[in-house]
Amino acid sequence: MSSKGIKKKTEFGLTKQKSMKSNLSDKIVSRSILPECNKLIQYTNTFLSTGYRLNFTAKEALNSMFYCHNDTINQWSHLLSLIGAIVLYLITLFTDFRVKALSGYEKSIFCVYLFGCIFVFASSTILHIFDCGSVQLSNVLLKLDLTGIAVMIMTSFVPPLYFVFCEYAKIRTSYIVMIFTIGGTLISITWSPRDLLTEFRYLRTLIFVLMVTSGLVPTVHILIHVPSPHCWKIFFTLMAMFLTYGIGTLFYAFFIPERWSKSHKFDFLGHSHQWWHFFVTLGAFIHFKLILICIEYHLTFGPASQTI
Ligand SMILES: [Zn+2]
C-alpha cells in the first residue's frame with residue numbers, strides 16, 4: 001500500500017474517532033434540559049448540574065468510560081474494587097498462613113464473601129456504565145444494584161458466623177437463615193412492581209440500614225462468645241466498619257458535599273456518590289480483615305485447634 005493510502009486511512013481513522021467523540025460530547029447535557037422522567041428515576045441528585053449522559057446506545061455507554069462526565073469516576077471506582085477484591089482473595093488464599101491452614105470446605109466458606117463482593121461491585125459497575133439509555137433500563141439496573149448490596153450484606157455474615165460458631169451448628173444456622181430471610185424479603189420487595197425506587201428513596205436507604213442493624217444480635221453474640229484478645233480485635237474492626245458505612249450513608253443520603261456548593265464544582269469530581277463508592281469499598285475491605293480475625297480465633301480456639 002502506498003504511503004498516500006496509509007495517510008488517507010490514518011486521517012479517516014482520526015476524523016471518525018474525532019466525530020464520534022464530538023457526537024458523544026454533544027449528548028452530555030446539563031440537568032436543566034433532561035426530560036422530567038429521567039430526572040425522576042436516573043438522576044435524583046438535584047445538586048449536580050452538568051455532565052449527564054442522555055440517550056446513549058450500549059456501545060456509546062461503554063465508550064463513555066474513557067471520557068469525562070459525572071459518572072466516570074463511579075464506573076471506574078467499583079470496577080477497580082471488583083478487580084482488587086479478586087486479587088486480594090487470590091493472594092490471601094495462597095499466602096496467608098491462617099487461610100492455608102483451613103480445610104477445602106472451610107476455604108469455600110471463606111470465599112462466600114468474595115461472591116458477595118463480586119456481585120455488588122459488578123452490578124454497580126454495570127449500572128454506572130449503562131444508566132444513560134431508557135428510563136426502563138435504568139429502573140432494572142437500579143434494582144440490580146440494590147440486589148447487589150443486599151447480597152453483599154447477606155454473604156458478609158456467613159464466614160464470621162461459621163468460624164466463630166463452628167461447634168454450635170444450630171446457632172450458626174439459625175442466624176444465617178435469619179439474615180438470608182430478611183435479605184431475600186428485601187430483594188423481593190426491590191423487584192416488586194411497586195416502584196420503591198422513585199417514590200421511597202429515603203425508605204429504601206432506611207430498609208438497607210435496618211438490614212445491616214438486623215445483624216446486631218449475632219454480632220453482640222459473637223462478641224460475648226469470643227474471649228479476649230480476639231473479642232477486642234473483632235470489636236474495634238466492627239466499629240471501624242460501622243463508622244465507615246455510616247459516614248458513607250450520610251454522604252449518599254444527604255448529597256454531601258455538593259449540597260453546599262453553589263458553583264457546582266463537584267459535578268465531575270468529589271460528589272456524594274463518588275464518596276459513597278469510596279466508603280463502600282473501604283468498608284468491604286475492613287470486613288475482609290474481620291473475617292481473617294474470625295479465622296484466627298477458629299484456628300486458636302475452635303475444634304480444629306484441639307486436634308493439633
Ligand atoms: Zn453507585
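**Loop residues, helices and record spans**

A: Leaving aside neighbours within four places in sequence, N55 is in contact with K27 and G133. Two residues are in contact here if their C-beta atoms, placed from the backbone, lie within 7 Å.

Q: Before we go on, what kind of model is this?
A: This is a predicted model: local features need pLDDT of at least 70, side-chain atom pairs count only at pLDDT 80 or more, and totals for chains, interfaces and linings use all residues. Residues are numbered from 1 along each chain as its sequence is written.

Q: OK, back to N55. Where is N55 found?
A: N55 is in the loop between strand 2 (52-53) and helix 3 (58-63). Helices (H or I, at least four residues) and strands (E, at least two) are DSSP runs, numbered from the N terminus.

Q: Is N55 exposed or buried?
A: N55 counts as exposed, because it has 12 C-beta neighbours inside 10 Å. The cut-offs: buried if 20 or more other C-beta atoms lie within 10 Å of the residue's own, exposed if 12 or fewer, partly exposed in between, with C-beta atoms placed from the backbone.

Q: What about phi of N55?
A: Positive, about 55°, although N55 is not a glycine.

Q: How far apart are the C-alpha atoms of N55 and D131?
A: They are separated by 9.4 Å. Along the chain, N55 and D131 are 76 residues apart.

Q: Which residue other than glycine has phi near 50°?
A: F255, and that value is positive. F255 sits in the loop between helix 13 and helix 14. F255 is partly exposed, with 18 other C-beta atoms within 10 Å.

Q: Now peptide bonds. Cis or trans from I256 to P257?
A: Cis, with omega near 10°. P257 lies in the loop between helix 13 and helix 14.

Q: And from S228 to P229, cis or trans?
A: That peptide bond is cis, with omega near 5°. P229 is found in the loop between helix 12 and helix 13.

Q: Let's do the helices, then. At what angle do helix 12 and helix 13 cross?
A: Roughly 150°, and the axes of helix 12 (residues 216-225) and helix 13 come within 8 Å. Axes are lines fitted to C-alpha atoms, for helices over the stretch in contact, and angles run from 0 to 180 degrees between N-to-C directions. Helix 12 and helix 13 are therefore roughly antiparallel to each other. Angles under 35 degrees count as roughly parallel, over 145 as roughly antiparallel, 65 to 115 as roughly perpendicular and the rest as oblique.

Q: Which residues make the contact?
A: T219, I222 and L223 from helix 12, with C231, I234, F235 and L238 from helix 13. The residues of this contact of helix 12 with helix 13 divide into six nonpolar, one polar and no charged. Ala, Val, Leu, Ile, Met, Phe, Trp, Tyr, Cys and Pro count as nonpolar, Asp, Glu, Lys and Arg as charged, and the others, Gly among them, as polar.

Q: How do helix 13 and helix 14 cross?
A: The axes of helix 13 (residues 230-253) and helix 14 (residues 272-301) come within 8 Å and cross at roughly 165°. That makes helix 13 roughly antiparallel to helix 14. The residues of the contact of helix 13 with helix 14 comprise 17 nonpolar, eight polar and three charged.

Q: Where does UniProt place the feature "transmembrane region"?
A: The unreviewed UniProt entry gives residues 76-97, 109-130, 142-163, 175-193, 205-224, 236-255 and 275-295. UniProt positions are in the numbering used here, feature names are shortened, and annotations may be inferred rather than shown by experiment.

Q: How much helix is in residues 76-97?
A: That span is 95% helix and 0% strand, with its end C-alpha atoms 32 Å apart. Residues 175-193 are 84% helix and 0% strand, and their end C-alpha atoms are 30 Å apart.

Q: Tell me about I86.
A: I86 is in helix 4 (residues 72-95). I86 counts as partly exposed, because it has 14 C-beta neighbours inside 10 Å. I86 and I118 are 32 residues apart in sequence and 7.7 Å apart in space, C-alpha to C-alpha.

Q: Last one: how many helices and strands in the protein?
A: The protein has 15 helices and two strands. Of its 308 residues, 30% count as buried.
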